[in-house]
Amino acid sequence: MEFRYDFEYLVHLIYCALNDAQPEEKPDDVSFDDVFLLGKEHEVGNIAFLSVQKLNNKPSEELYNEWQVFYYHSIQRNARQLAEYNALTKLLSDNKIRWTEAQGTITKKYYPLPEWRMMSDIDLLVDVENLDKISALMSSLGHKVLDYSENELNVFPEKGTEIEFHTEFFTEFYKGSFERYSGAINHPFEHAVPDEENEYKWVLDDTYYYLYSLLHTIKHFEYAGCGIRRILDLYILKNKLEDKVDMDYISAKLDEFDFTPLYEKLLQLEAYWFEGKEPECDLTETVKDIIMSGNHGVEDIHLRNALRRDSEDGINKAKRRRIREFLFPPIEHIYEGHPEYKEKGYSLFKCRLYRALENLKPSEIKRMINYFIRIKKSK
């Protein structure tokens, strides 16, 4: 097998770990350092290490030890997050707050080992009428609580994993250009049932969980990009759930809201990387975006995709609108970046004035100039 790029060898290492196969030795043109850094960036470096330790020609002792520490850290991180999750959900249940889940805490259960699926935050779905109660509860524990929208709370413990409370699969932040996401699936508790042992824990139907997982990956790809880990999620979930869910329903929803072309392309990439199946279309640009994205996407892809969505009357007009919005943003956008303005009830004029004063700092002026340059270069 020929590996021309670092990411190809990284995917090969993951493939071999998944299949308990002996990996091929690293070719001279591939850098172990770059493979390791790429694996960390995409949160799959821990899985790749299981193949690295089988190689005859291993990385330098220093890099091998660093990689091994990263792997053991993923185990420790999983154990810590599981303890945090158990304490959090017990707290919700003890306070008679209904909750369910639909992201990493479920997905990692389908991996060969849960620590293989690294998780950046804990996402839970709750009823909108419980948000104030949850906010007070989290604040009483000393956590920093931010409400970026009326349908979401972000909680930042001083020590521990960030927690996100959502009331819908796709919140107000993603409506507008993302309206078709909430149209395809929302209202989580309509698709869940109470757990047999805990009336406040609700379990999402497999079909809706699978549909949400697909749409969540597609949303990241369309918004700011998605990385290797999310394509690996597609492979894991397809193998575990495809025979258990109503694929006719899922296919109909993907067709209805125009997700099918991108879904099929991502599915072909998943099959190419992790099942060894040759793709039926050119995936070059798709792969390029995914490798550039890292795990959570990047600003350049976010900007490019936003301009493309907004370019019905031409890309140049879309660029001018983007610059105008940056200089004179609506109040809801300012509140997202400056929740303290919202707490103080600042008017639009006052928000823009204080924001302009902050932007007079040399670092902010440099950031603004770089942003305008990125807009100009976007295609």
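**A first walk through the chain**

Hi everyone. The chain holds 18 helices and seven strands; helices (H or I, at least four residues) and strands (E, at least two) are DSSP runs, numbered from the N terminus. The radius of gyration of the chain is 22 Å, close to the 21 Å that the globule rule gives for 379 residues, so the chain is as compact as a globular protein of that length. Here the radius is taken over C-alpha atoms, and the globule rule is 2.2 Å times the number of residues to the power 0.38.

Before we go on, a word on the source. This is a predicted model, so local features need pLDDT of at least 70 and side-chain atom pairs count only at pLDDT 80 or more, while totals for chains, interfaces and linings use all residues. Residues are numbered from 1 along each chain as its sequence is written, and side-chain values use heavy atoms, with hydrogens and water left out.

Now the overall picture. Along its principal axes, the C-alpha trace spans about 65 × 55 × 45 Å. Of the 379 residues, 50% are buried; buried means under 20% relative accessible area, exposed over 50%, and partly exposed in between (1.4 Å probe, protein chains only). If we take contacts with a separation of 6 or more, 64% of them are between residues 24 or more positions apart, where contact means heavy atoms within 4.5 Å.

Let me zoom in on D127. Where is D127 found? Look in the loop between β2 (121-126) and α6 (131-140). With 12% relative accessibility, D127 counts as buried. Its side chain makes a polar contact with the side chain of R98, at 2.7 Å. A polar contact is a pair of N or O atoms within 3.5 Å; within protein, one must be able to donate a hydrogen and the other to accept it, and residues adjacent in sequence count only if both atoms are side-chain atoms. Leaving aside neighbours within four places in sequence, D127 is in contact with R98, T167 and F189.

Next, please find T207 in helix α8, residues 206-223. Is T207 buried or exposed? T207 is buried, because its relative accessible area is 9%. Not counting residues up to four places away in sequence, T207 touches V245, D246, Y249 and I250.

E285 and L13 are 272 residues apart in sequence, and their C-alpha atoms are 22 Å apart in space.

Two loop residues have a backbone angle I'd like to show you. H187 has a phi near 55°, a positive value in a residue other than glycine. H187 is in the loop between α7 (179-184) and β6 (192-194), and at 43% relative accessibility counts as partly exposed. D258 is not a glycine either, yet has a positive phi of about 60°. You'll find D258 in the loop between α10 (247-256) and α11 (260-275), exposed at 54% relative accessibility.

Last stop: P27, in the loop between α1 (6-18) and α2 (32-41). P27 is partly exposed, with a relative accessible area of 24%. Which residues does P27 touch, not counting those up to four places away in sequence? They are F3 and Y9. R4 is 23 residues from P27 along the chain, and their C-alpha atoms are separated by 8.7 Å.
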